[in-house]
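Below is a short briefing on one protein chain. Please read it with the structure open.

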Amino acid sequence: MVIDKLKSKVLQNLEEYAGPQIKDIPGELSIIPLKDSVVFPLTISPIKIEKKESIEAIDQAMGKNKIIGVVAFREGTQEHRPENLYTVGTAVLIHKMLKIPNQGIVLIVQGLQKISIKQLIQTEPFWKAVVETVPEDNALTQESEALMRNALAQIQKLISLVPYLPEELQMAASQVEDPLKLSYLIASLIRMKLSEKQEILELPDQVSKLKKSVSIMNREIELLELGSKIQSEVQGELDKSKKDFFLRQQLKAIQKELGDDDDGEAEYEELKKKIEDAHLPEEAHAEAVKELKRLKRMPPSSSEYHVIRTYLDWLVEIPWDISTEDNLDLQRARDILDEDHYDLVKIKDRIIEYLAVRKLKKDMKGPILCLIGPPGVGKTSLGKSIARALGRKFIRQSLGGMHDEAEIRGHRKTYIGAMPGKIIQSLKRAGTNNPVFILDEIDKVGQDFRGDPSSALLEVLDPEQNNTFMDHYLGLTFDLSKILFIATANSLETIQGPLRDRMEVLQLSGYSQEEKIHIAKKYLVPKQIAEHGLDPKKVSFNDEALKKIIASYTHESGVRNLEREIGSVCRKIAAKVASGYNRSIVVTAPKIKEYLGVERITREVAQRTSHAGVATGLAWTAAGGDILFIEATKMPGEKGLILTGQLGDVMQESAKTALSLIRTRAKQLGIDEDFVRKYDLHLHVPAGAIPKDGPSAGITMATALASLLLDQPVNKDVAMTGEITLSGLVLPIGGLKEKTLAAKRAGIKTLIIPKRNQKDIDEIDKDLRKGLKFIFVDTIDEVLSNALIKKPVRKKKH
């Protein structure tokens, strides 16, 4: 503010400072370094001095000839060091010195002549140098006169546009007849960069100085005219009362016209650095550079600007080449898997095999595993353990209920709100390109008009294709082959055939009672005691209590409900402890009813099969194995066979096949051959609200019908499974282990199964087989002879 007022005063009183002409400039001068300003010869300028050493040099000069050298610091330098000075400056005569409290001093100086610093001979207490004057020609030529006239005309135009130039400038400039002095006058009063001012000072002749000064002045006029035009346009569009908004719009308009946005430039440089640091593949790098160039040409207000900016952010944040190093210690991996999960030997062995091969072949592709099993057996938690054993990051993506293919592949970036698919999003969150990736509930993927996610997963889960996975949003290929994909499902049947074919299927069966007790003691009880803030030294469950919970309060293949019931017991104990009870608590079987209430599960096999016409079958569901009662009854009539219980087509066909088989063998079995004409037969499968299907209940239906018609009950300790044919053959079935578990839970002692399933017995643990008798059959005759209770033969009285 002070400097601007002094400039105006200097222009009004140029003659006052004309002073005597100094002909002799000393060869040694005190040097005053200037920051952000240049003083020109033949001009009067105010300069502000704050440095203590510079003030000391000025005080000394005031006591002598009042002549000092002023030289500017180079642009961009911060340190007050001699090497940061330009070598060309101006020798000036001090006319006045004004002291400003707490702000240093202000000098009114007259530029005398251009000087060149030859050698710095003193740095303390102030700078002093040997200088050489640089003579400059100021003779008026035809070219310089033409330039002067042009300059004077432009000065008049500039004054009408610019607010910071005083009106006295035009009068002062019109009185100047020296072209050199006019060029310096223009340079000293018009806004320009420090480097441009220094360039004008260093130029060797008056014509080049005048051309440069006039050129910069023309540029300033163009900018001012453009600013005035933009201001008028913006002001006409906006409400004058919204000052802040107007200013922002004005700024945007200026930046748009000039293409000179400091924030935009900084953002451009930041993105450019991120692209270089991201180590993108060649294809991705080329795409990023292309989009960055487009971004630079766009104004920030453009809608596409933000689309490109978001796209570039995704490109640089995806882990293209960031991998975690696998821990290939096989024993450590096995210890971790054993620590986290009981049993599951096959799956643990498969992971150890993968590690072993990985140890021998560094560039092997990740396997695609699919864990099939009922709920609660630890499929998802097993994935976490595998990630921990390998030392990799863990990602879980639920596919249940997913209908849109774009959730896998992403949307094209031209759509509003477009994003990459879940695969790329998850990799970005993980920060590595080789995590353990759980695709949970892959059997529950849906499809509708938006596409089929299962079809999109074909590429993701194909080891031959996923190294060039194409996400629609990125429009670039990404290598997924380093990822260890693990899919989980409850049922294999609902997974599409081509997708199922791409995965290595590993079956997880349900747990027996003994296995559940072991899991509860080792994992579930300690976990629930800790989660409820109890002291493990004072709270414990004995085996009988756990057996009671398993048998009477849960009905499952896994251990999820078991953990929930253990948690319920712990909450009851926590309430007791919080009320002040401080003794040790041992949870026993008799106490379970006190904690959990009445028993929810009761064994009803003996009751249900106590009369003829009821047989116990074994079924497999997505939730594991279960027992199934087949009930048959007869009544007078000619309607034939009635089927109820929400039976599927296959199961209805099995019932008809069983009836036809019994009819063809009626005489052989000792059944009245006219029973079809005399009776209506009704076959019912209880739990009618639950849909049922499958062929494995065929021999059970045939047995129920034979039991009814022969009036011979089925042995209450016997359960059976197998598909029946019209010729009486018993065909193999699946899910034998799950069915065996269900039988043992229900208290069954004898299992009748197809002879062709004898080979599957080895897959059932010995502990599970203990106490069970397996009868292997080929025909329905063998089934009936082992299942039906024969009536005692009464002796005839003689």
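In this predicted model, His279 sits in the loop that links α9 (262-277) to α10 (282-297). The phi of His279 is positive, near 50°, although the residue is not glycine. His279 counts as exposed because its relative accessibility is 54%, and the cut-off for exposed is over 50%.

**Other backbone features**
- Most residues other than glycine have a negative phi, and most peptide bonds are trans.
- Gln646 also has a positive phi, near 55°, and is a residue other than glycine.
- Gln646 belongs to the loop between β18 (641-644) and α24 (649-664).
- With a relative accessible area of 44%, Gln646 is partly exposed.
- A cis peptide bond runs from Glu124 to Pro125, with omega near -5°.
- Pro125 is placed in the loop between β5 (104-122) and β6 (128-133).

**Helix α21**
- How far apart are the end C-alpha atoms of helix α21 (residues 560-578)? They are 27 Å apart, which agrees with the 27 Å that its 19 residues should span at 1.5 Å a residue.
- The buried residues of α21 include Leu562, Ile566, Val569, Cys570 and Ile573.
- An α-helix has 3.6 residues a turn, so residues three or four places apart point the same way.
- Which elements do the buried residues of α21 pack against? The helices are α19 (513-531), α20 (543-553) and α22 (589-596). The strands are β14 (539-541) and β15 (585-587).
- Gly580 follows α21 and has a positive phi, near 115°.

**The five-stranded sheet**
- Five strands make up an open sheet with parallel pairing, in the order β8-β9-β12-β7-β13.
- The edges are β8 (394-398) and β13 (504-507). Each has a single partner strand, so one side of each has no neighbour in the sheet.
- On average, neighbouring strands of this sheet are turned by 20° against each other, direction ignored.
- Helix α13 (residues 345-360) packs on the sheet and touches β7 (368-372), β12 (484-489) and β13. The direction of α13 makes about 145° with that of β13.
- β8 and β9 (residues 436-440) run parallel and are joined by five bridges.
- Which residue of β9 is the bridge partner of Ile395? The partner is Phe437.

**Around Lys790**
- Lys790 lies in the segment after α30 (780-787).
- Is Lys790 buried or exposed? Lys790 is exposed, at a relative accessible area of 60%.
- Not counting residues up to four places away in sequence, Lys790 touches Gln712 and Ser785.
- Leu710 is 80 residues from Lys790 in sequence. In space, the two are 9.7 Å apart, C-alpha to C-alpha.

**The chain as a whole**
- The protein chain holds 30 helices and 24 strands.
- Of its 798 residues, 47% count as buried.
- Among contacts between residues at least 6 apart in sequence, 73% join residues at least 24 apart.
- The accessible surface of the chain is about 40600 Å². Carbon and sulfur atoms account for 50% of this surface.

Technical notes
Residues numbered from 1 in each chain as written. Predicted model: local features only at pLDDT ≥ 70, side-chain atom pairs only at ≥ 80, totals over all residues. Heavy atoms only, no water. Helix = DSSP H or I, 4+ residues; strand = E, 2+ residues; numbered from the N terminus. Expected span 1.5 Å × (residues − 1). Buried < 20%, exposed > 50% of the residue type's maximum accessible area, 1.4 Å probe, protein only. Contact = heavy atoms within 4.5 Å. Pairing = 2+ DSSP bridges. Axes fitted to C-alpha atoms, helices over the stretch in contact; angles between N-to-C directions. Areas by Shrake-Rupley, 256 points an atom, 1.4 Å probe, with all protein chains shown as cover.
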